[in-house]
Amino acid sequence: MTGALLLPFAALDTATAQVVEDLSDQAKSFYEQTEVRQGSSGSLVLFNQVQEHQREIQRLRGEIEELRYQFEQSKRLSQQRYLELEKRLNAVGSTTRSEPSSRPQVDQDSANQVTEIAGGSNEEAAKSAYRDAFDKVQARDFPAATGAFESFVAQYPDSSLAANGYYWLGELYSSDGELDKAATAFQRVIDDFSESSKAPDAMYKLGLLRARQGQPEDSRRLLEQVQKEHPQSSAANLAKQFLNQSVN
């Protein structure tokens, strides 16, 4: 009798254990699958973030390389500009021993143009103002020279030396980092004094200036233009050398 009573309870226990075990397994499987999904989703988000950071790093590296290149170009152009200015100053700084005056002699083109100016009070005044301005360049008093040349071109816009005045303003503005003003001054020589001996020099210097401003297409156009329009000028030779160096 006791055995008979125990048998249903044993069967009941077995059935209960079977049900509990199945539910436990199902619940465990469900949670495990949920954790896998959550882990996969988290990994995907992390992977996307890494990819985005890598793209950002590559972009920043490209910008750094571009800035480094522009800096090197600017430094090289600045050095070349100052060397050319120094060379020109040395060339025009000597005076003829036969002249009693101690006034430094201007560059040959400017000197020739001063000599060709007809007599007259206005022309004489223009010649004197130009020489005074250039004396300040020779003395390396560049701020004073800039002011003097600004006054000169304003007072004597029709002078034979006006092209020279604008050219030297371009040089002075450029050396002082005022690139827009320098470009305007050089362009004034090219547009308004195309027959002047300063036109090829202004075109060449404007080409260098455009390269410094990060405008390589305009720079190349101007440097090729000076070679085409003024093939026998020293500016054309300098433009050719610069383009060759840029390619190399």
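Mentor: Let's start with a word we'll need: a residue is buried when its relative accessible area is under 20%, exposed when over 50%, and partly exposed in between, using a 1.4 Å probe and protein chains only. This is a predicted model, where local features need pLDDT of at least 70 and side-chain atom pairs count only at pLDDT 80 or more, while totals for chains, interfaces and linings use all residues. Residues are numbered from 1 along each chain as its sequence is written, and side-chain values use heavy atoms, with hydrogens and water left out.

Trainee: Which residues of H4 are buried?

Mentor: They are Ala-145, Thr-146, Ala-148, Phe-149, Phe-152 and Val-153. In the chain as a whole, buried residues make up 32% of the 248 residues.

Trainee: And what makes something a helix here?

Mentor: Helices are DSSP runs of H or I with at least four residues, strands are runs of E with at least two, and both are numbered from the N terminus. By that rule the chain has nine helices and zero strands.

Trainee: How do you know that the span of H4 agrees with its 14 residues?

Mentor: The expected span is 1.5 Å times one less than the number of residues. For H4 that should give 20 Å, and its end C-alpha atoms are 20 Å apart, so the two agree.

Trainee: Why is Arg-140 called partly exposed?

Mentor: Its relative accessibility is 38%, so Arg-140 falls in the in-between class. Arg-140 sits in the loop between H3 (121-138) and H4 (142-155).

Trainee: What is the phi of Arg-140?

Mentor: It is near 60°, a positive value in a residue other than glycine. Most residues other than glycine have a negative phi.

Trainee: How do H5 and H6 pack?

Mentor: Their angle is about 160° and their axes are 8 Å apart; axes are lines fitted to C-alpha atoms, for helices over the stretch in contact, with angles from 0 to 180 degrees between N-to-C directions.

Trainee: Why is H5 called roughly antiparallel to H6?

Mentor: Angles under 35 degrees count as roughly parallel, over 145 as roughly antiparallel, 65 to 115 as roughly perpendicular and the rest as oblique. About 160° is over 145, so H5 is roughly antiparallel to H6.
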